[in-house]
Amino acid sequence: MPGKSLIEELPEIVKRGKREYEKFIQRLQSDNKMSLQTNEYVLPSRDKSGLFRGKIRQCCPPDTTNDTTCDIDNWFNRLVYGDNIFVMQALLNGDEKTGLPSMRGAIDLIYIDPPFDSKADYRTKITLPTGDIEARPAVIDQFAYSDTWKNGTVSYLEMLYPRLMLMRDLLSEKGSIYVHIGSQTSHYVKIIMDDIFGKNQMVSEIVWNYGTPSGGRAAGTKMVKTHEYILHYTKNYSNRIEHKIYLPYSEKYIQDRFTNIDENGRAYQTRKRNDGTIEKQYLDESLGVPLSTVWVDIKPTYAMHLVKRAKEETGYATQKPEALLERIIKASSNENSIVADFFGGSGTTAAVAEKLGRRWITSDIGKPSVMIMRKRLIDNEAKPFLYHSIGDYQREAFVATNEIKRVSDLARVVMNLYGAKPFIGDDIPANYGQMGRTLVIVDSPNKITSAATINNAIKARESFMGGWSKVIVLGWNFSFDIAEKLQHMDKSQIEVLVIPPDLMDLLKKKDYKELVESGRVRFSSLQYLTVKKPIVKQSVTEPDKQDITIELDNYVLLSPDVLPLDDKNKELVQKVIAENPLDLIEYWSIDPEYDGTTFRSVWQDYRENTANDGDGLRVTRSVTLTVKHNPHRKICVKAVDVFGFESQTVVDLK
């Protein structure tokens with residue numbers, strides 16, 4: 001018997017989606033509410049010379065001071081790392097600690113460009129220096145995100161339904177939502193949007209015709225796809241924000257119509273009114289052609305060199321052009337409106353919202369995406385913004401799973417994915433397993449893997465079941481003291497690996513056995529950063545201040561062999577690690593007045609920044625900051641490597 005068709009499945013998809021939505025809404029009324037954790041307060045100030053003597057802005061995020069000089073209405077734009085279903089719950093809750101009111105009914109425009117159910121895996125390219133001046137830089141691929149789903153389009157629509165319902169709650173009464181979608185699922189998505197927002201709330205179905213077939217794309221017998229859909233719905237059709245958009249007349253239209261020239265040299269055409277009188281329409285007073293629902297004048301990012309917009313290209317696989325978002329934001333929001341994008345990708349929505357004087361919130365579950373967005377906003381000299389993650393993210397992701405109910409069951413799943421064999425027995429911890437003579441311990445998503453965890457693992461290696469040659473700890477969340485602890489440990493006896501942060505998401509998308517067989521799940525090494533002892537001198541230009549020179553020392557990947565790379569690329573990365581590990585740093589930033597709680601990023605450098613030394617493949621290694629005297633100074637340095645892993649180190653100059 002053939003399975004149900006998607007039309008037959010739709011009622012069940014809607015029921016399950018509503019049940020999941022109700023579960024999240026009920027949680028909003030409980031004491032166990034979702035919250036945002038502030039990872040970084042970014043005051044964009046990219047390195048331009050290697051000597052930073054510019055004024056360090058003193059405005060601070062609301063969880064550290066009452067200072068409100070950053071924005072007249074206390075608003076902080078926000079970049080959030082994590083699953084958007086948790087992000088939206090946190091926004092509905094609001095958060096006093098970060099000065100975030102409940103966003104229920106507060107967002108005027110939501111644009112999302114979710115995966116298209118394209119059955120593809122998307123990747124981003126990493127360019128690394130090879131150490132040989134005459135050789136070309138090496139290019140390797142890294143995984144960005146997967147657009148494949150466990151039960152095909154059914155799973156895809158089940159993912160989307162409760163998220164669209166939460167977006168409806170976040171929209172203001174005058175708000176609009178634009179859903180950018182491909183032909184694979186556009187018709188099904190339209191049906192569920194009719195169900196969620198109401199059929200009468202649909203404004204238009206926009207066809208973005210982004211090009212014409214040419215070259216290799218025109219080869220073959222199959223018709224070439226050159227369009228995508230954008231579904232536009234509102235919260236309240238008659239009350240929506242709507243600004244009419246006009247496009248310039250074509251040269252041919254002008255030549256054919258505006259054929260008359262007056263005594264002042266102004267071009268015009270004549271028109272006969274209904275009462276028979278003749279009127280003049282001047283070209284320089286004409287608004288242009290009203291925008292239609294078929295957009296043919298905006299090129300995709302891969303063709304930007306044709307329209308001289310290449311500067312905005314980030315290399316992100318599914319990046320959308322700024323002109324597309326500019327049109328949407330201008331059409332359906334006002335200056336100072338809040339604009340949101342919960343599938344942030346390359347950050348085009350936030351970047352354009354910033355330029356157009358809108359406030360913004362953006363999020364993504366992918367580390368490569370968040371890294372690109374943060375650099376892009378800094379490069380565009382955005383206003384200060386907060387970079388958040390979901391508080392207790394892994395625990396929340398575990399609670400939200402429907403198939404794995406107990407922490408002990410999750411530990412066994414992780415063990416099998418790693419390739420270890422769980423121990424069986426009532427008197428043996430459920431999170432213990434083995435690989436030959438190696439003991440494997442899986443930490444809980446509810447816990448922080450710390451220096452104390454390492455001490456306990458070492459004791460287990462020595463005494464559990466007679467002792468082991470090595471112990472490996474697989475963890476979800478890590479304390480800052482663990483890197484310092486590991487620096488002094490024998491790597492042949494103990495190793496700490498990171499469980500993939502998107503594992504819960506993968507388990508929803510793919511069958512567990514398929515994941516085990518594919519070897520797709522890779523456990524990355526825990527990394528750490530070291531800096532040289534800062535040099536403090538009296539400032540030569542400002543007597544009441546100090547010049548502090550901060551220089552990167554080393555970057556360590558404890559086990560680069562576990563990176564998700566083929567042998568050729570792995571060998572290349574290992575060569576970089578051996579010869580110059582700091583070449584792996586993608587981005588680093590400094591807080592010279594670290595308070596132990598909130599990292600205030602007042603200086604940043606990243607590989608594509610060529611304003612300082614012209615080298616787009618490496619970050620600058622040192623910087624001198626001019627700061628006020630402080631006898632109790634703590635300096636915090638953060639770094640992100642090319643794979644998206646973050647490290648942090650604190651230097652106490654007290």
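Modeller: Buried means under 20% relative accessible area, exposed means over 50%, and partly exposed lies in between, using a 1.4 Å probe and protein chains only. The model is predicted, so local features need pLDDT of at least 70 and side-chain atom pairs count only at pLDDT 80 or more, while totals for chains, interfaces and linings use all residues. Residues are numbered from 1 along each chain as its sequence is written, and side-chain values use heavy atoms, with hydrogens and water left out.

Biologist: What percentage of the residues of the protein count as buried?

Modeller: The protein has 15 helices and 35 strands. Helices (H or I, at least four residues) and strands (E, at least two) are DSSP runs, numbered from the N terminus. Of 654 residues, the share that counts as buried is 54%.

Biologist: Of the contacts between residues at least 6 apart in sequence, what percentage join residues at least 24 apart?

Modeller: Contact means heavy atoms within 4.5 Å. The share joining residues at least 24 apart is 70%.

Biologist: How is helix 1 placed against helix 3: roughly parallel or oblique?

Modeller: Helix 1 (residues 6–28) and helix 3 (residues 153–170) have axes 8 Å apart and pack at about 45°. Axes are lines fitted to C-alpha atoms, for helices over the stretch in contact, with angles from 0 to 180 degrees between N-to-C directions. Under 35 degrees is roughly parallel, over 145 roughly antiparallel, 65 to 115 roughly perpendicular, and the rest oblique. That makes helix 1, relative to helix 3, oblique.

Biologist: Why is helix 6 largely enclosed by the rest of the structure?

Modeller: Helix 6 spans residues 322–332. Its buried residues include L324, L325, I328 and I329, and also the charged-class E322 and R327.

Biologist: Which hand has the crossing of helix 6 and helix 7, left or right?

Modeller: The two axes come within 9 Å and cross at roughly 60°, with helix 7 covering residues 348–355. That makes helix 6 oblique to helix 7. A crossing is left-handed if the near helix is turned anticlockwise from the far one by less than a right angle, and right-handed if clockwise. Helix 6 passes helix 7 in a crossing that is right-handed.

Biologist: Is M465 buried or exposed?

Modeller: M465 sits in the loop between helix 11 (451–463) and strand 23 (470–475). Its phi is near 50°, a positive value in a residue other than glycine. Most residues other than glycine have a negative phi. With a relative accessible area of 51%, M465 is exposed.

Biologist: Which residues does T530 contact, leaving aside neighbours within four places in sequence?

Modeller: T530 lies in strand 27 (residues 527–531). At a relative accessible area of 17%, T530 is buried. Its contacts are Q487, L552, D553 and N554.
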